[in-house]
Amino acid sequence: MSTARRVAVVVLGSGPGGYTAAFRAADLGLETMLIERDTTLGGVCLNVGCIPSKALLHTAAVLAEAEEATTRGVRFAAPEIDLDALRAWKDSVVAKLTGGLAGLARARKVEVVKGTGRFTSPNEITVEGDTGTTTITFDHAIIAVGSSPIGLPGLPEDPRIMDSTGALEIADVPERLLVIGGGIIGLEMATVYDALGSRVTIVELMDQLIPGCDRDLVKPLHDRIAARYEAIHLSTRVTGVEVTSEGVRVSFEGDDAPDAATFDRVLVAVGRRPNGGSIGAELAGVAVDDHGFIAVDGQMRTNVSHIFAIGDVVGQPMLAHKATHEGKVAAEVIAGHAAAFDAVAIPSVAYTDPEVAWAGLSETAALAAETPHEVVRFPWAASGRALTLGRPDGLTKLIVDPETRRILGCGVVGVHAGDLIAEAVLAMEMGADVEDIALTIHPHPTLSETVAFAAEIAAGTITDLPPSRRRAQA
Ligand code: NAD
């Protein structure tokens, strides 16, 4: 069956960026359609990314807490893990959210068209779905097609060689798991499988985990997992992967390369690539670069002025919270508002144990660009709350402008770092200086105080550290 429709705004892809754009456009009075090829709304984030991984990471945190409680005089029996029940719980969280999205779309009269959409001209998208073909003529389009995992060339096809989607299925708990890629996905899934009982090995091409993140922020994470995992090999590349009757045999090369070894499962987490190359963009005249990225201006417009693009497909960082903000901008610009994407800082968080979070100018980037800056570090060993949690393995640091004393960047490593970074992002958006934070009364005893203590170091007013750690006189 084929049908033809006309609409003011069509959004291609229903991940966090796409559904936010569609809902905002509808709320601004524009007739809006949302195209999605998967059976549920929500894209990678809700279905096979942020949400299911966090559900599993919470379970991992509970397991780790129970294990560590022995050092505080509380002993639990070894956990019994019912993988089917764990998977069902994770799936139920996903179903609640994706079902909720369908309800939010109905409440706004955003029509959802199920199928794979491709541009056929600058004002037309054709959607191939189970029930036939729909041709949609639009005034404005928003491309929100996201990204896909990058594979490694020459990998054999085998269910034991997984990407993040496969890993989230927790088909079993492999005795030995190899994670290729020490970035955020690899480290988050390693956290889950380690807690469930796998012996984890990580192999990373670069000379540190989470390349690009400041080394002092990565160190507490590295130290903790190095003590728990079977091995971490930096500056190492995988040279061969072979499926045998024993498992997956992997060979390595590099400064710290181990001998070839056999693993029960392998997770490949070496990055994601944008999906811009597979949507017929050329038929709409939209420029897509060789990597699959679509360039946009500050209003999220592509080179074709009535076609917008948002989220992973427009560039790094590939993060849901960047996409949602871009989605709102695109919808508002289409509705005639004077909107632009003008964020001072976009936070990044690795939900590992400990978590690592950073936003704004990093120390590494400041040094590389010779940007005048001052760094203050508050060690969590001096935080009452961190000690009560049994987790003094944290650090909160601020990068400060030496002239204006404004906050240029923030990095936090420690439990709940992802929640703590929000204050620093607000500070940067508001142009706050160190005194603004130091003079804000933070609740005691909380980890949020570590942000205030770091600001107090910079303001010269810290009393929770020896006097030598004060940077300036108040
Ligand atoms: P990534 O780019 O963060 O990390 C990939 C890692 O693999 C890098 O450290 C890279 O050096 C390494 N690598 C590349 N090729 C390799 C090889 N041949 N052998 C060994 N190591 C190799 O990518 P990712 O972890 O796959 O995540 C993809 C995207 O998803 C990122 O943009 C990330 O920001 C996003 N994401 C974010 C979150 C979050 O916000 N918590 C969670 C998951 C994913």
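Glu230 pairs up with Arg176 in a salt bridge, their closest N and O atoms sitting 3.1 Å apart. (A salt bridge here is a side-chain nitrogen of Lys or Arg within 4 Å of a carboxyl oxygen of Asp or Glu.) Because Glu230 lies in the loop between helix H7 (215-228) and strand S11 (231-233) while Arg176 is in strand S9, the pair ties together parts that are 54 residues apart in sequence. Helices (H or I, at least four residues) and strands (E, at least two) are DSSP runs, numbered from the N terminus.

This is a predicted model, so local features need pLDDT of at least 70 and side-chain atom pairs pLDDT 80 or more, whereas totals for chains, interfaces and linings use all residues. Residues are numbered from 1 along each chain as its sequence is written, and side-chain values use heavy atoms, with hydrogens and water left out.

By the salt-bridge rule, the count comes to 28. Here are three of them:

| Pair | N to O distance |
|---|---|
| Glu230 and Arg176 | 3.1 Å |
| Lys90 and Glu169 | 3.9 Å |
| Glu363 and Arg377 | 2.7 Å |

Take Lys90 and Glu169, whose side chains meet in a salt bridge. Lys90 is in helix H4 (residues 83-107) and Glu169 in the loop between helix H5 (164-168) and strand S9 (176-180), so this pair ties together parts 79 residues apart in sequence. Lys90 is buried at 2% relative accessible area, while Glu169 is partly exposed at 40%. (Buried means under 20% relative accessible area, exposed over 50%, partly exposed in between, with a 1.4 Å probe and protein chains only.)
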